[in-house]
Amino acid sequence: MQQDLKSELTKQLIIDKAFNLFYKDGFKTTSIDKIMKETTLSKGAFYHHYKNKKELGTAVISLKVKKRVVDGMITPLQNSGNAFTILETVFMNRLKAFPFYDKQNGCPMNNLINEIGNTEIAYQNALKSIIEEWKIALICLIEKGKKERSIKENINSKAVAIYLISAFEGIRGIRKLYNDDTILDEYLIGLKLYLNQLKK
C-alpha cells in the first residue's frame with residue numbers, strides 16, 4: 001500500500017514538472033533529462049513509469065491539460081440557471097480570472113495544439129478529445145437555452161460552439177504578443193456584442 005502511494009506520488013511529480021516545463025519552455029525543447037532534473041529523481045524513476053516522452057506527453061494532456069479545461073470551461077457550463085447567462089458568465093469571467101503568468105504564456109492546450117498537434121496521432125487524439133468534450137458541453141447548453149427561450153431558436157448550436165472555442169483559444173494566443181490586457185478588453189467587448197446576437 002505504501003509503495004503504491006509512493007509510486008503514484010512519483011508519477012504525479014513527474015507529470016506536474018513536465019506540465020510546467022512544457023508550458024514555460026515548449027514541448028519540443030523540454031527533454032526527459034530536464035524534467036527529471038526538476039523532480040530531483042533519477043532517470044530510472046522516469047522509465048519505471050513511462051516508456052518515453054510520447055507516453056508522458058499524452059499523460060500530461062489527459063491529466064493536467066484536460067483538468068484545466070474541464071474545471072475552467074466545461075464544468076461551469078453545466079451549472080443550473082439561465083443558459084445564456086451561464087454562457088456569457090463563463091466566457092467573459094474566465095479570461096479575467098487568469099493570473100498574469102497565464103496571460104503571458106497563453107493557453108497550455110492551445111500551445112500544444114500549435115506545437116505538436118500535427119506530429120503524432122496520440123497527441124492529436126488526446127487534444128481533440130478535450131475540444132470535443134468542450135464542444136458537446138457548449139452544444140448542450142445552447143440547446144437548453146433554446147428550449148428555455150434564453151437563446152434564439154434558429155442558432156446553429158454546433159457552429160456557435162466551435163466559433164466560441166476558436167475565438168477563446170485565439171485570443172489566448174494573441175495575448176502573448178502584448179504586454180498588457182488592452183487586447184483582452186477589446187476582445188471582451190467584441191465577445192459581448194457577439195453573444196448578444198444569440199440572446200432571445
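This is a predicted model: local features need pLDDT of at least 70, side-chain atom pairs count only at pLDDT 80 or more; totals for chains, interfaces and linings use all residues.
The backbone here has a positive phi of about 65°, although Arg149 is not a glycine. That deserves a second look, because most residues other than glycine have a negative phi.

Thr40 gives another example, with a positive phi of about 65° and, again, no glycine at this position. Thr40 sits in the loop between helix 2 (32–39) and helix 3 (43–49). Thr40 counts as exposed, with a relative accessibility of 71%.

## The overall picture

Now let's step back to the whole protein. The protein contains 10 helices and zero strands, so read along the sequence the pattern is α-α-α-α-α-α-α-α-α-α. The C-alpha trace spans about 60 × 40 × 30 Å along its principal axes. There are 200 residues in the protein, and 44% of them are buried.

How much of the contact set joins residues 24 or more positions apart? Among contacts with a separation of 6 or more, such residues account for 69%.

## The nonpolar core

The largest nonpolar core holds 63 residues. Within this core, Leu56, Phe91, Met109, Trp134 and Leu138 touch the most other members. Which helix gives the most to the core? Helix 8 does, with 11 residues.

Setting aside neighbours within four places in sequence, Leu56 is in contact with Ile14, Ile15, Ala18, Ile35, Phe46 and Tyr50.

## Aromatic rings and the charges over them

Across the whole structure, a search finds 10 aromatic pairs. In one of them, the rings of Phe46 and Tyr50 have centres 5.7 Å apart and planes at 35°, so this pair is tilted. Both Phe46 and Tyr50 are buried, and both are also among the contacts of Leu56. Another pair joins Phe91 and Trp134: the ring centres are 6.4 Å apart and the planes meet at 15°, so these rings are stacked. Phe91 belongs to helix 5 (residues 83–97) and Trp134 to helix 8 (residues 121–148), so the pair ties together parts that are 43 residues apart in sequence. Phe91 is buried, as is Trp134.

Rings can also gather in a cluster: ring pairs link Phe19, Tyr23 and Tyr101. Charged side chains meet ring faces too. Lys53 lies over the face of Phe27, at 4.3 Å from the ring centre. Arg172 lies over the face of Phe98, at 3.7 Å from the ring centre.

## Empty space inside

Rolling a probe the size of a water molecule over the atoms shows where empty space is left. The count comes to one cavity of 30 Å³ or more, and the largest cavity holds about 100 Å³ of space. Which residues come closest to the centre of the largest cavity? Of the 13 residues in its lining, they are Arg68, Val69, Arg94, Cys107 and Arg172. Arg172 is also the residue that lies over the face of Phe98.

Helix 4 (53–74), helix 7 (108–116) and helix 9 (157–174) are the elements that give two or more residues to the lining of the largest cavity. Helix 4 gives the most to this lining, with four residues.

## The largest pocket

The largest pocket contains about 150 Å³ of space. Its lining is made up of Phe19, Phe22, Tyr23, Lys24, Gly26, Phe27, Val65, Asn105, Pro108, Asn111, Leu112 and Glu115. Helix 1 (2–25) and helix 7 are the elements that give two or more residues to this lining.

Phe19 and Tyr23 are part of the ring cluster with Tyr101, while Phe27 has Lys53 over its face.

## A closer look at Asp25

Asp25 is found in helix 1. Is Asp25 buried, partly exposed or exposed? Asp25 counts as partly exposed, because its relative accessibility is 27%. Leaving out neighbours within four places in sequence, Asp25 is in contact with Thr30 and Lys34.

Asp25 can also be compared with a residue elsewhere in the chain. Asp25 and Leu193 are 168 residues apart in sequence, and their C-alpha atoms are 36 Å apart in space.

How values were computed: Residues are numbered from 1 along each chain as its sequence is written. Side-chain values use heavy atoms; hydrogens and water are left out. Rings of Phe, Tyr and Trp (its six-membered ring) pair if their centres lie within 6.5 Å; planes under 30 degrees apart count as stacked, over 60 as edge-to-face and the rest as tilted. Buried means under 20% relative accessible area, exposed over 50%, partly exposed in between (1.4 Å probe, protein chains only). A charge sits over a ring if NZ of Lys or CZ of Arg is within 6 Å of the ring centre and within 35 degrees of the ring normal. A nonpolar core is a set of buried Ala, Val, Leu, Ile, Met, Phe, Trp, Tyr and Cys residues joined through side-chain atoms within 4.5 Å. Contact means heavy atoms within 4.5 Å. On a 1 Å grid over the protein atoms alone, a cavity is a set of points where a 1.4 Å probe fits but cannot get out, and a pocket is an open set with protein on both sides within 12 Å along at least five of seven lines; lining residues have an atom within 4 Å of a point. Grid points are joined across faces, edges and corners, and a volume is the space filled by probe spheres set on the points.
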